[in-house]
Amino acid sequence: MALFSAICSSFSSFNFLKNPVTNPPKISVSTSPHSVRPVTCNSNDPSSNGSSRIFIKGLPLSTTEGFLAKTFSRFGTVTKAKIITERSSKQSLGFAYVWFDCEEAAQLAVEDMDGKFVDGRFVAVTLARPESPTSHVR
């Protein structure tokens, strides 16, 4: 008991309200996504022979193709969004492809969105490998 009273008497000398913080630090949280200027593409550009398709993995199962198209449209014109599903149950597998009208928009999306928090999860975004001719045979 003597130890308790000694501790209490030593803390009673501190007045935590004696020196209140007059200028508390301000914390600002941005609720809007940072601005990225969308890429406008020249469809007649012959030098654009790279991939205009990106691969996204780590998506929640509830993500929709419309959500992906809207989210990635800030980088350029999205021509298609496809969530990959399990054949029999049609359940999402948590990854998707998004097609852009040009390679520059896809590259910008990869640079800005890889490792970011999308629809409640951190996702990995990469340029997709070129489609093989046999990928549509199944």
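These legends go with several close-up views of one predicted model.

**Figure 1. The whole chain and how its elements follow one another.** Residues are numbered from 1 along each chain as its sequence is written. As this is a predicted model, local features need pLDDT of at least 70 and side-chain atom pairs count only at pLDDT 80 or more, while totals for chains, interfaces and linings use all residues, and side-chain values use heavy atoms, with hydrogens and water left out. Three helices and six strands make up the elements of the chain, where helices (H or I, at least four residues) and strands (E, at least two) are DSSP runs numbered from the N terminus. Starting at the N terminus, their order is α-β-α-β-β-α-β-β-β. Of the 138 residues in the chain, 23% are buried; here buried means under 20% relative accessible area, exposed over 50%, and partly exposed in between, with a 1.4 Å probe and protein chains only. Contact means heavy atoms within 4.5 Å. Among contacts between residues at least 6 apart in sequence, 65% join residues at least 24 apart.

**Figure 2. Confidence along the chain.** The predictor's confidence in each residue is given as pLDDT, from 0 to 100. The chain has a mean pLDDT of 78, and 59% of its residues reach 70 or more. Among the elements, S1 has the highest mean pLDDT (97) and helix H1 (residues 2-12) the lowest (58). Over residues 24-33 the pLDDT is below 50, and this stretch has one contact in the model beyond near neighbours in sequence. A friendly caution: where pLDDT is low, the predicted coordinates should not be read in detail.

Figure 3. Helix H2 spans residues 65-72, and its buried residues are Leu68, Thr71 and Phe72. Seen down the axis of H2, these buried residues fall within an arc of 85°, so they line one face of the helix; the arc is that of the directions from the helix axis to the C-beta atoms. Gly66 and Lys70 are exposed on the face turned away from the buried side of H2. Packing partners of the buried H2 residues are strand S1 (53-57), strand S2 (78-85), strand S3 (92-100), helix H3 (103-113) and strand S6 (124-127).

**Figure 4. The largest nonpolar core.** A nonpolar core is a set of buried Ala, Val, Leu, Ile, Met, Phe, Trp, Tyr and Cys residues joined through side-chain atoms within 4.5 Å. The largest one holds 21 residues, and those touching the most other members are Ile54, Ile56, Leu68, Phe72, Val98, Phe100 and Val125. At least two residues of this core come from each of S1, H2, S2, S3 and H3. H3 gives the largest share, five residues. Not counting residues up to four places away in sequence, Ile56 touches Leu68, Phe72, Gly94, Phe95, Ala96, Val98, Val123, Ala124 and Val125.

**Figure 5. Helix H3 and the salt bridge.** Ala105, Ala106, Ala109, Val110, Asp112 and Met113 are the buried residues of H3. They pack against S1, H2, S3, strand S4 (117-118) and S6. The structure holds one salt bridge, meaning a side-chain nitrogen of Lys or Arg within 4 Å of a carboxyl oxygen of Asp or Glu. The partners are Asp112 and Arg74, whose closest N and O atoms are 3.3 Å apart. Asp112 lies in helix H3 and Arg74 in the loop between H2 and S2, so the pair ties together parts that are 38 residues apart in sequence. The relative accessibility of Asp112 is 14%, so Asp112 counts as buried. Just after H3, Gly115 takes a positive phi of about 85°.

Figure 6. Arg53 sits in strand S1 and is buried, with a relative accessible area of 11%. The side chain of Arg53 reaches the backbone oxygen of Arg129 at 2.3 Å. Leaving aside neighbours within four places in sequence, the contacts of Arg53 include Tyr97, Trp99, Leu127, Arg129 and Pro130. Pro130 belongs to the segment after S6 and is exposed, at 73% relative accessibility. Pro130 and Ser52 are 78 residues apart along the chain, with 9.3 Å between their C-alpha atoms.

**Figure 7. Phe75 in its loop.** Phe75 is part of the loop between H2 and S2 and is buried, with a relative accessible area of 0%. A separation of 8.8 Å lies between the C-alpha atoms of Phe75 and Phe100, which are 25 residues apart along the chain.

How values were computed
A polar contact is a pair of N or O atoms within 3.5 Å; within protein, one must be able to donate a hydrogen and the other to accept it, and residues adjacent in sequence count only if both atoms are side-chain atoms.
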